[in-house]
Amino acid sequence: MPKRPPPPRVARAVLAARRLLLHAADRLVPPEVALFDHTVAFGRTRLLGALAEHGVADALAGGPATAAELAGRLGLDADSLHRVLRALAVYGIVRLDRRGRFHLTAVGQPLRDDHPRSLRAWVRYLNLDSTQAAWAGVGDTVRTGEPSFPAVHGRSVWDHFAAHPEEERTFATAMRTFTELDAAAMASAYPWPEQGTVCDVAGGVGTLLAGVLRERPRVLGVLVEAKGVLAEAEAYLDAAGVRDRVTLTEGNMFERLDAKADVYVMKDILHDWDDERCLAVLGATRRAMAPGARLVLVEALQERNRVEPIASLVDVHMLTQTDGGRQRSVAELHELMRASELRPGEVRHTAGPALVEGIAV
Ligand SMILES: C[S@@+](CC[C@H](N)C(=O)[O-])C[C@H]1O[C@@H](n2cnc3c(N)ncnc32)[C@H](O)[C@@H]1O
């Protein structure tokens with residue numbers, strides 16, 4: 001379980017301060033110099049991808065090494081690796097010493113596979129050809145308004161994943177990591193009941209559900225997911241020590257939910273879909289809810305005219321990768337709730353996503 005997160009206001013202030021410092025750094029140099037750095041940012045993603053793909057950060061975990069030593073161990077080309085690592089030293093991911101050895105910096109550490117907050121799967125997912133090709137279509141999306149992924153690949157990302165299970169696994173691992181990072185904050189940010197049942201709709205392997213159940217030893221859980229994901233959830237929930245309190249239920253969130261619970265939770269689900277599909281998911285959930293039952297939407301909020309250091313970028317990721325998915329404002333989420341016979345309740349903020357409550361009327 002990750003350690004207790006800082007208070008949301010502190011975390012948001014630190015993120016905002018980092019942004020201000022980065023903007024201030026840009027003003028130290030002529031605008032074209034700062035802009036040049038922004039123009040090559042895509043290369044940084046690709047360089048990180050090369051490291052993640054070949055496990056270079058893991059190889060550096062034991063201590064500094066030259067590119068030749070690393071290349072020997074990993075079966076890579078020494079000169080290319082040296083040049084790639086040297087370029088990443090510009091951004092502080094590694095440090096190059098006078099003896100030609102590379103050191104993994106604090107910022108580079110989460111590239112390791114065995115790091116407790118590893119971003120390796122996320123980096124690999126971002127660098128998939130399918131993800132990158134959809135990002136490359138963003139210019140067309142700006143012109144046509146059409147989502148990029150289906151325009152580029154001829155099918156939705158979900159159909160693509162169904163045909164490429166190895167890519168789906170990389171994506172799922174990345175999602176799980178983010179949920180694990182936020183689990184402690186989400187478990188403490190909401191007044192989860194002391195007893196009763198919490199149902200996680202499309203909850204992946206149950207990362208958030210496990211976080212809540214560990215905080216609430218007398219609460220039972222229901223995890224609604226697709227069949228393949230449930231198979232993985234068994235082992236995950238077992239390792240988390242809550243398997244005996246969770247019922248695994250196969251279900252299609254767009255159609256029908258067979259789960260009776262006091263609180264239903266949906267994390268990072270609505271942001272994948274357009275309003276019409278969101279209403280289908282909310283409708284299916286609402287039909288399972290008894291009057292008075294609560295739904296908690298866990299979403300990174302995006303108000304129309306507010307720049308969010310993380311949500312504004314996740315939002316364009318949704319623009320390029322999904323069929324009409326987006327980060328929404330509180331008002332937009334409330335509108336979807338009201339259209340689904342849910343009365344908006346409290347909104348609770350964390351350093352990451354917010355918990356937006358609806359009550360079945
Ligand atoms: C973006 S992931 C979010 C997972 C989890 N809520 C989290 O935040 O870690 C979306 C999840 O929706 C699930 N899913 C997609 N379509 C579904 C459907 N029709 N019925 C149930 N689950 C579905 C996927 O298997 C996947 O785990």
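## Ligand site, cores and selected residues

A nitrogen atom of the ligand is 3.3 Å from a polar backbone atom of Gly-251, where a polar contact is a pair of N or O atoms within 3.5 Å, and where, within protein, one atom must be able to donate a hydrogen and the other to accept it, residues adjacent in sequence counting only if both atoms are side-chain atoms. On its own the ligand has 590 Å² of accessible area, of which the protein covers 85%; accessible areas come from the Shrake-Rupley method with a 1.4 Å probe, and for residues only the protein chains shown count as cover. The model is a predicted one, in which local features need pLDDT of at least 70 and side-chain atom pairs count only at pLDDT 80 or more, whereas totals for chains, interfaces and linings use all residues. Residues are numbered from 1 along each chain as its sequence is written, and side-chain values use heavy atoms, with hydrogens and water left out.

**Ligand surroundings**

- There are 15 residues around the ligand, and those that come nearest are Thr-179, Ala-202, Glu-225, Met-253 and Lys-267, a residue being near a molecule or strand if one of its heavy atoms lies within 4 Å of it.
- An N or O atom in the side chain of Thr-179 is 2.7 Å from an oxygen atom of the ligand, and a polar side-chain atom of Glu-225 lies 2.6 Å from an oxygen atom of the ligand.
- The shell comprises 6 nonpolar, 5 polar and 4 charged residues, with Ala, Val, Leu, Ile, Met, Phe, Trp, Tyr, Cys and Pro counted as nonpolar, Asp, Glu, Lys and Arg as charged, and the others, Gly among them, as polar.
- Ala-202, one of the residues that come nearest to the ligand, lies in the loop between β4 and α13 (207-215), and has a positive phi of about 55° although it is not a glycine.
- Ala-202 counts as buried because its relative accessibility is 17%, given that buried means under 20% relative accessible area, exposed over 50% and partly exposed in between (1.4 Å probe, protein chains only).
- Asn-252 is in the loop between β6 (246-250) and β7, and its relative accessibility of 34% makes it partly exposed.
- Asn-252 and Leu-51, 201 residues apart in sequence, are 37 Å apart in space, C-alpha to C-alpha.

**Nonpolar cores**

- The largest nonpolar core holds 32 residues, and Cys-199, Met-253, Tyr-264, Met-266, Leu-270, Leu-295 and Leu-297 have the most contacts inside it; such a core is a set of buried Ala, Val, Leu, Ile, Met, Phe, Trp, Tyr and Cys residues joined through side-chain atoms within 4.5 Å.
- Two or more residues of this core come from each of β4 (196-201), β5 (219-225), β7 (263-267), α15 (275-288), β8 (294-299), α17 (330-338) and β10 (354-360), where helices (H or I, at least four residues) and strands (E, at least two) are DSSP runs numbered from the N terminus.
- Cys-199 touches Val-222, Val-224, Ala-259, Ala-261, Val-263, Tyr-264 and Val-265, not counting residues up to four places away in sequence, with contact meaning heavy atoms within 4.5 Å.

- Thr-322, in the loop between α16 and α17, is buried because its relative accessibility is 3%.
- Polar atoms of the Thr-322 side chain lie 2.7 Å from the backbone oxygen of Met-318 and 2.8 Å from the backbone nitrogen of Gly-325.
- Leaving aside residues up to four places away in sequence, Thr-322 touches Pro-147, Pro-150 and Asp-272.

**Other individual residues**

- His-115, found in the loop between β3 (101-104) and α7, has a relative accessible area of 14% and is therefore buried.
- A polar atom of the His-115 side chain lies 2.9 Å from the backbone nitrogen of Arg-117, and His-115 touches Gln-109 and Pro-110, not counting residues up to four places away in sequence.
- Arg-169 belongs to helix α12 (residues 165-189) and is partly exposed, with a relative accessible area of 47%.
- Between the C-alpha atoms of Arg-169 and Trp-122, which are 47 residues apart along the chain, the separation is 11 Å.
- Glu-341, placed in the loop between α17 and β9 (342-348), has a positive phi of about 60° although it is not a glycine, and with a relative accessible area of 53% it is exposed.
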